[in-house]
Amino acid sequence: MAEEQTASEKRPVVIQELEDVVIRFAGDSGDGMQLTGTQFTNTAAIVGNDISTLPDYPAEIRAPAGTLAGVSGFQVHMAQSHIWTPGDTPDVLIAMNPAALKASLPDLEPGASIIINTDAFTPANLAKAGYETNPLRDGSLKNFQVYEVPITTLNRNAVQDVEGLSPKQLDRSRNFFALGLVYWLYDRPLEPTMEWVKKKFAKRPEIIEANIRALQAGYNYGDTTRLFQTRYRIRPASLPPGTYRKVSGNEALAMGLVTAARKAGKPLFYGSYPITPASDILHALAPLRNYDVITFQAEDEIAAMGSVVGAAFGGAMAATGTSGPGIALKSEAINLAVMLELPMVIIDVQRGGPSTGLPTKTEQSDLLQVLFGRNGESPLPVLAPATPAECFDIALMAFRIAVRAMTPVIVLSDGYLGNSAQPWNIPDPDDIPPIEIKHPTEPNGNGVFLPYKRDPETLARPWAIPGAAGLEHRIGGLEKAPEYGNVSYSPHDHEQMVRERAEKIARLVEFIPELDVFGPEEGDLLVLGWGSTYGAIHAAVADAQNRDLPVAHAHLRYLNPFPRNLGDVLSRYKRVLVPEMNMGQLAMLLRSQYLCDVTPLNKVQGRPFKIIEISRKIDEMLSGAEK
Amino acid sequence: MTTIQLTRKDFVSDQTVRWCPGCGDYAILAQMQKVLPELGIPKENIVFISGIGCSSRFPYYMNTYGIHSIHGRAPTLATGLKLANPDLSVWVITGDGDALSIGGNHLLHAARRNVDINLILFNNRIYGLTKGQYSPTSPRGTRTKSSPMGTIEWPLNPISIALAAEATFVARTVDVLQKHMHDIFLQAANHKGFSFVEVLQNCVIFNDGAWEQYANRKLRDDNDIFLEPGKPMVFGRYSDKGLIQTPDGLEIVELNDEYTIDDLAVHHVESLELAWELSRFQYPKPLPLGVIYNVTRETFGEGVRGQIADAKVLKGEGDLYKLYNAGETWQVKKNGRK
Ligand code: SF4
């Protein structure tokens, strides 16, 4: 570190220990806020904090600079204890321009700290953000602890003599200045980020130079300025022992798919069409050709699904990933797969709908679509991971179910799970049991092959793949005769096949785990969720339990079929609260299937639940205060 | 592998064929069942995939593996299947509605990717299975139930579409020309890459005689031109007409004192320009039949498998331990970390 810059004047700085802190980096989408937040998170993970992140970025790649539409934010929650969510409200906001301040302000509680890049608060930028007066001068920030830092100017001074970059390019390093300052504030090492910069820009030494200087200058600024009197320290969290890495839901799904294929001793075929927020699964799999991963970027969603059906017929572990609009297009081919009874995994990383909706914002509104959005009686299993790390296990389980029951399986993730990250206790691949698959080699019916002769236990049909002599057969989307699989329009054949397809999925209750309850086994209130609401619900319920409130949490990973004991669990509580990021889709299913009058709590703002939103509802229900 | 002696009968399934009596599809099915034994491919390695329409019932009648899939999507299933299992001989059976209307997009992309499959397009210029609406290849003015005053849509030219979509093998034949069809199917099967074959097929019920001038024994000699690679392009009942190359393109001439066979243009299957020009021939010009275009290019599957092989050389065989532990990792010991 450059000594001469810090030597000016040593001053007393208080170091304060914190349990946890929530920091949000916000700026223009060109300001590199996702990168800054990711770097900060990586460092926090490496020093051992528990972490949870929430990236929030606009759908437009480069929305008009300086406007509210162009604000890109990255929120990270780090703690010395186990945490479940990216945090309800930022304790610290780093606002790189007026629009970023304006967009984030409604999320801040009084007393929060705001570090502001004052250089960006020009009349033009204020106008673009829709500010009539300068919030730095008009007293509107009086409830916050504001730190005014001329980041652009300070950064320019630090990097001005780096050669080979234009002034504009030099200015791009200012996010590293901000990052360096926050590193100082939270007493973090610079080395992990410096290493990353060196690797990332290996071919551009001038960019390495600028970014590292900016980073150090930010850090040194914290050290020398009189602005900050306190630094904060967050101890390492006591996570279960093991080797950890940071993982996002999309990364974990990709690794789960590859693992399933390896454990089945087969290639992975992933046919997909780019769509937000699922494309990162494709990006994670595409470089894995040496794992026998065949990624196929299809011409459209329909083709992606068709290719997966074809690959499954050919004996591959076949999967696709998409979002709600893609599921709509894929439904016809998914339905063909239901009829053909072939194994495959279909991932839906849900986003706000309907139609194109909110491409970069999260929602859980595809549950009914994946259950019922196909013509005819078309049952298939639906799974939903609760956390980013759990995406790994669910992807594996989805494939186990698919090959067991010879069925397409849907995995419902969402934009929040897909993009947010948490520490992952890395498993030992050798501890993961294999996926046993038996392709028949002999006819199963007196010398002839009956493609729809079912296994008496699972009702699965045999997975005979082309290349097996003597088992040639034709299957298709038309209704079939039981066992033989020949086209049949007979009323009885149709009813029998409809019932068998339904029964086959229903029997999976024997295979899936029962529903666990966190908290009292019976009592006044159960909070029942599914998918990415896990963190917020868990934290709210844990908090209520600490306040001696009689409330339990259960979280569904299996939405079709439901766990065998769900009805029993529901019956043991006087009331059941069902928070969902939709208008009550699970609630509707529970009511119709269990005649249980659950209380829905719905949020459709394109953002995850805050803990407080669930806490308030719990308190309200338990105090009888609700209307 | 031992040599396999298969016969036509081996490829006949136990299902009753349900096309209308007199439908051109029967002849195509019969030819296919004759061609396959000649390929020397075990029948368990052959897969027929179809979409929806009269032609798409085809796989049920073949004693091979098969999928009767959904409307227009057969090329997508074939692509996935061929990528997953490169040893298979994969055939797509489709029609003018299936391939050029609802499935138009998939046809384009299977062709440009050069997926090593054979696509046989039964072109009867009508929707048969839905009982007689106009199709994307119906000539302008065709009167059908859905176009009582005649269609006002301009038809697509399947051969031009295949060429524009970068197909590497493009051919045309007619359902009644048994020997010719046989030869074209054989060549399509032996082409490595995407083979596109248009078969002019008669729908006796809803569009009878749509290809009369090319199929009728009395008319066809003057209206069909049989292309053969490296041979002069000659046609006519008495082989008395041919095509010459002029600065304005191909022109029809009569062979007489002025022009002899040596003056005629020769068919180059590797010339995209020539193929394109031939694809635009319309009545009363003769209809080009045979292999119109045939080039070799890396297939999609070869490309993918090449990358897999390269990746294994560069990075080594995939190892889950390495995959999980890529990037930054950290240790947590009992009671806290590090
Ligand atoms: S409707 Fe036409 S195309 Fe269809 S089976 Fe009958 S004759 Fe053949």
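How many salt bridges does a search of the whole structure find over all chains? In this predicted model, the search gives 45 salt bridges over all chains.

Chain B has 338 residues, of which 57% are buried. Its secondary structure comprises 11 helices and 14 strands. Along the principal axes, the C-alpha atoms of this chain occupy a box of roughly 100 × 50 × 45 Å. One of the helices of chain B is α6, which spans residues 178-190 and contains Gln178(B).

Glu198(B) and Arg172(B) are both buried.

In chain A, a salt bridge is formed by the side chains of Arg137(A) and Glu148(A), with an N to O distance of 3.7 Å. Distant parts of the chain are linked by this pair, whose members are 11 residues apart; Arg137(A) sits in the loop between α4 (123-128) and β7 (145-149) of chain A, while Glu148(A) is in strand β7 of chain A. The two residues fall into separate accessibility classes: Arg137(A) is exposed, with 58% relative accessibility, and Glu148(A) is partly exposed, with a relative accessible area of 33%.

A further salt bridge of chain A brings together the side chains of Asp292(A) and Arg262(A), at 3.6 Å from N to O. Asp292(A) is found in the loop between α11 (279-285) and β11 (293-297) of chain A and Arg262(A) in helix α10 (residues 249-264) of chain A, so this contact ties together parts that are 30 residues apart in sequence. Asp292(A) is partly exposed at a relative accessible area of 23%. Arg262(A) is likewise partly exposed, its value being 22%. Salt bridges also link Arg24(A), Asp107(A), Arg607(A) and Lys610(A) in a network.

Charged residues also form a surface patch. The patch is negative and is made up of Asp428(A), Asp430(A), Asp431(A) and Asp319(B). Within it, Asp430(A) occupies the loop between β16 (421-425) and β17 (474-476) of chain A. The relative accessible area of Asp430(A) is 68%, so this residue is classed as exposed, the limit being over 50%.

Among the cysteines of chain B, Cys20(B) is partly exposed at 34% relative accessibility. Cys54(B) is also partly exposed, with a relative accessible area of 26%.

Note on methods. Residues numbered from 1 in each chain as written. Chains lettered and ligands numbered in written order. Predicted model: local features only at pLDDT ≥ 70, side-chain atom pairs only at ≥ 80, totals over all residues. Heavy atoms only, no water. Patch = residues over 30% accessible without salt bridge, like charges linked within 9 Å, V, L, I, M, F, W, Y side chains within 5 Å. Areas by Shrake-Rupley, 256 points an atom, 1.4 Å probe, with all protein chains shown as cover. Salt bridge = Lys/Arg side-chain N within 4 Å of Asp/Glu carboxyl O. Lys, Arg positive; Asp, Glu negative; His and termini not counted. Charge placed at Lys NZ, Arg CZ, Asp CG, Glu CD. Helix = DSSP H or I, 4+ residues; strand = E, 2+ residues; numbered from the N terminus. Buried < 20%, exposed > 50% of the residue type's maximum accessible area, 1.4 Å probe, protein only.
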